[in-house]
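I opened my notebook for a friendly look through one model.

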Amino acid sequence: DEVWVGNGFSILSLSAYTREFPNIRLSERDHDFRFVPIEESRDWSLIISNTGDDLLTVESIEIDNDAFEVDFGDEPFDINIDEEVEVVVTFTPVEEQEYNATMTITNNDPEDGVLEVALAGVGIGGDEPNIIVSADYYDFGEIGIRTTVTFDWEVTNIGGEDLVVESIIPLGIGFAVDHEDGFTLSPGESEVITVTFNPELERDYFGTVTAISNDPDEGEVVLS
């Protein structure tokens with residue numbers, strides 16, 4: 001309100017008030033369980049935090065695909081100011097296929113009262129190993145001489161039996177790898193092979209890395 005006084009000045013009276021609100025934060029907004037053998041399970045932990053200045057109430061957590069479960073229970077739970085709660089999501093595929101789902105978290109945050117988390121996974125099976133790799137070509141680009149750079153090449157077994165990678169063979173001047181003696185991957189497991197490039201001269205370099213395994217269809221997989 002504005003009040004007039006006799007000396008020609010006016011006095012403006014101001015008032016305000018603040019309210020306290022909860023503020024929800026999630027450790028991730030999406031998660032890929034990747035490759036999981038059918039009828040087996042894999043867990044993932046989601047952290048729900050309250051960074052606001054009032055009590056946060058998580059009213060419900062729902063997932064629209066039965067292959068995914070969350071240990072929420074039937075009752076809402078509270079998260080105090082500057083505290084967090086861990087919820088565990090479990091993926092259990094029942095068929096050899098890709099799975100996608102949306103997890104919906106309903107809470108009393110006035111700005112983010114409904115949050116969605118995208119979930120994905122692949123059910124794998126069969127009676128043979130099955131190798132896949134993250135890339136079949138990689139260009140290190142222009143590298144200074146005597147400079148060492150690396151590239152991570154991931155090998156995954158998406159079959160139903162153990163994949164035996166017998167050896168990793170680098171070919172080409174300046175290229176090297178770890179895991180040359182090979183390794184074994186259970187269904188759904190992965191291993192990262194570090195490819196190292198260290199040029200000694202100013203020239204073009206070309207090389208390959210070959211993974212030799214017991215995959216009946218792709219016994220040799222090559223990275224160029």
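**Pocket.** I started with the lining of the largest pocket in this predicted model: 24 residues line the pocket, and D139, G141, F175, F197 and Y205 lie nearest its centre. For the search, a 1 Å grid was laid over the protein atoms alone; a pocket is an open set of points with protein on both sides within 12 Å along at least five of seven lines, whereas a cavity is a set where a 1.4 Å probe fits but cannot get out, and lining residues have an atom within 4 Å of a point. The space in the largest pocket comes to about 500 Å³, where a volume is what probe spheres set on the points fill, with points joined across faces, edges and corners.

I then sorted the lining by residue class and found 14 nonpolar, five polar and five charged residues. Here Ala, Val, Leu, Ile, Met, Phe, Trp, Tyr, Cys and Pro count as nonpolar, Asp, Glu, Lys and Arg as charged, and the others, Gly among them, as polar. Two strands, β17 (190-197) and β18 (208-213), each give the lining at least two residues; strands are DSSP runs of E with at least two residues, helices are runs of H or I with at least four, and both are numbered from the N terminus.

**Housekeeping.** I noted that residues are numbered from 1 along each chain as its sequence is written, and that side-chain values use heavy atoms, without hydrogens and water. Since this is a prediction, local features need pLDDT of at least 70 and side-chain atom pairs count only at pLDDT 80 or more, while totals for chains, interfaces and linings use all residues.

**Rings.** How many aromatic pairs does the model hold? I have 12 in my list, where rings of Phe, Tyr and Trp (its six-membered ring) pair if their centres lie within 6.5 Å, with planes under 30 degrees apart called stacked, over 60 edge-to-face and the rest tilted. F33 and W44 are edge-to-face, because their ring centres are 6.4 Å apart and their planes stand at 90°. With F33 in strand β4 (residues 30-37) and W44 in strand β5 (residues 42-50), this pair ties together parts 11 residues apart in sequence. F33 is buried at 2% relative accessibility and W44 is buried at 6% (buried is under 20% relative accessible area, exposed over 50%, partly exposed in between, with a 1.4 Å probe and protein chains only).

Next I checked F197 and Y205: their centres are 5.3 Å apart and their planes at 70°, so this pair is edge-to-face. F197 is buried at 5%, and Y205 is buried at 15%. The charged end of R203 sits over the ring of Y205, 4.3 Å from its centre (NZ of Lys or CZ of Arg within 6 Å of the ring centre and within 35 degrees of the ring normal).

**Single residues.** T210 is in strand β18 and is buried at 13%. Beyond its neighbours within four places in sequence, T210 contacts S167, I168, I169, E220, V221 and V222, contact meaning heavy atoms within 4.5 Å.

I found E83 in the loop between β8 (77-79) and β9 (84-91), partly exposed at 42%. Leaving aside neighbours within four places in sequence, E83 touches I48, S49 and N50. Of these, I48 lies in strand β5 and is buried, at 0% relative accessible area.
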